[in-house]
Amino acid sequence: MFLYLQFPLWLHPQIFPGVPVLNLLRWYGLMYIFAFVTAFILLDRTRKEGLLDSSNFKATEDDIVSFIWTGIVFLLIGARVFSTLVYDTSGYYWKHPWLIFWPFDSQMHFTGLVGMSYHGGFIGGLLGMIIWCKRHKQSFLKWSDAMVCAIPLGYTFGRLGNFCNGELYGRITTMPWGIVFPDAERFSVSYDWVQNFCQEIGMNIDGLRVVNLPRHPSQLYEALFEGVILWVIIWSLRKHKKFDGMLGAVYTTGYGVFRFIIEYFREPDADLGFRIAKDPSAPIYVNTSIFNISTGQILCLLMIIGGVLLGIYGYWKKKRSEKQK
């Protein structure tokens with residue numbers, strides 16, 4: 001009995017692989033479109049429910065379009081800049097900054113903007129929303145509450161795009177839902193631990209020198225917890241929030257908590273490894289200690305702190321307003 005799954009071989013980054021004229025159509029890009037459309041539909045729903053209205057302002061569909069497009073532009077800039085200047089440790093983009101938004105390789109083959117950072121997108125999108133609210137003299141706390149009613153479900157599509165690309169996979173696992181990703185690191189079958197691992201999951205390694213072991217589908221974990229479940233929580237709270245900024249605080253803190261935990265199942269980037277490690281020589285393809293902390297986990301801790309502070313600020317602002325009445 002095989003206690004693992006094979007990555008579907010028919011799934012490629014291109015939607016129509018082998019068709020030159022359609023080579024530019026990729027699942028990851030399509031998922032971004034689904035994400036933005038979903039976010040717009042849900043944000044417009046909150047507008048129709050009156051969650052963005054105040055005593056002297058009634059939000060229109062044009063306001064929604066303007067707000068979300070500003071957020072998208074800044075999100076993409078932040079996601080790309082963070083990916084190339086923070087997560088890429090080669091220093092290549094620091095020396096060639098004009099290539100950060102260049103969607104072609106050295107042979108002028110279209111690759112798209114390969115590499116997008118969630119945390120960079122979060123910072124960029126946050127900055128874009130602040131700028132829009134300042135320009136239109138709207139409450140950032142109120143509009144951010146509405147926006148986080150849409151973000152998690154849209155984010156789900158982004159992680160599905162990562163899965164389609166066979167990237168951002170997790171650490172090796174003996175769980176029956178572990179998946180063998182085609183581009184994952186392979187291990188020599190000469191190691192005793194590899195032989196024992198394969199025997200446990202029923203993997204035949206006869207005649208092989210190296211073997212590709214099943215991994216946690218961490219992209220799907222993130223899509224479920226940071227996407228669907230977090231969205232259900234926030235969506236159910238949208239009409240029951242106690243103060244402006246409450247939903248933004250729930251999202252920021254909730255995402256940070258979910259992502260921090262899932263990072264224990266997701267393999268860190270090989271060039272980054274662990275930022276904090278109980279054992280600096282610990283391999284990244286297996287979790288040996290909860291005290292081995294990745295870059296993503298450090299950023300998630302900052303998100304959790306930021307979410308708590310946002311909640312405190314929103315609550316304080318409401319109480320202050322009540323006292324002034």
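This is a predicted model: local features need pLDDT of at least 70, side-chain atom pairs count only at pLDDT 80 or more; totals for chains, interfaces and linings use all residues.

Me: Where does Tyr4 lie?

Reply: Tyr4 sits in the segment before strand S1 (5-6).

Me: And what is Tyr4 in contact with, leaving aside its neighbours within four places in sequence?

Reply: With those set aside, Tyr4 contacts Pro176, Gly178, Val180, Ile201, Gly202, Met203 and Pro214.

Me: Switching to aromatics. How many aromatic pairs does the structure hold?

Reply: There are 23 aromatic pairs. One of them is Tyr169 with Phe181, which counts as stacked because the ring centres are 5.5 Å apart and the planes are at 25°.

Me: Where in the chain are Tyr169 and Phe181?

Reply: Tyr169 is in the loop between H6 and strand S2 (179-180), while Phe181 is in the loop between S2 and strand S3 (186-188). They are 12 residues apart, and the pair links distant parts of the chain.

Me: Are Tyr169 and Phe181 buried or exposed?

Reply: Both Tyr169 and Phe181 are buried. Trp231 and Trp235 give another stacked pair, since their ring centres are 5.6 Å apart and their planes are at 25°.

Me: Why are Trp231 and Trp235 separated by about one helical turn?

Reply: Because they are four residues apart in helix H8 (residues 218-237). Trp231 counts as buried at 17% relative accessibility, and Trp235 does too at 13%.

Me: Which residues form one aromatic cluster?

Reply: That's Tyr118, Phe122, Tyr155, Tyr251 and Tyr255.

Me: OK, surface now. Which residues make the nonpolar patch?

Reply: Val65, Trp69, Val73, Ile77 and Phe101 make it, and the patch covers about 460 Å².

Me: Where is Phe101 found?

Reply: In the loop between helix H3 (92-95) and helix H4 (118-136). Phe101 counts as partly exposed because its relative accessible area is 42%, and that falls between the 20% and 50% cut-offs.

Me: Last one: what does Asn165 touch, not counting residues up to four places away in sequence?

Reply: Pro13 and Tyr28. Asn165 itself is in helix H6 (residues 151-165), and its side chain makes a polar contact of 3.2 Å with the side chain of Glu167.

Key
Residues are numbered from 1 along each chain as its sequence is written. Side-chain values use heavy atoms; hydrogens and water are left out. Patches are made of residues with over 30% relative accessible area and no salt bridge: like charges are joined within 9 Å, nonpolar side chains (Val, Leu, Ile, Met, Phe, Trp, Tyr) within 5 Å. Accessible areas come from the Shrake-Rupley method with a 1.4 Å probe; for residues, only the protein chains shown count as cover. A salt bridge is a side-chain nitrogen of Lys or Arg within 4 Å of a carboxyl oxygen of Asp or Glu. Helices (H or I, at least four residues) and strands (E, at least two) are DSSP runs, numbered from the N terminus. Buried means under 20% relative accessible area, exposed over 50%, partly exposed in between (1.4 Å probe, protein chains only). A polar contact is a pair of N or O atoms within 3.5 Å; within protein, one must be able to donate a hydrogen and the other to accept it, and residues adjacent in sequence count only if both atoms are side-chain atoms. Contact means heavy atoms within 4.5 Å. Rings of Phe, Tyr and Trp (its six-membered ring) pair if their centres lie within 6.5 Å; planes under 30 degrees apart count as stacked, over 60 as edge-to-face and the rest as tilted.
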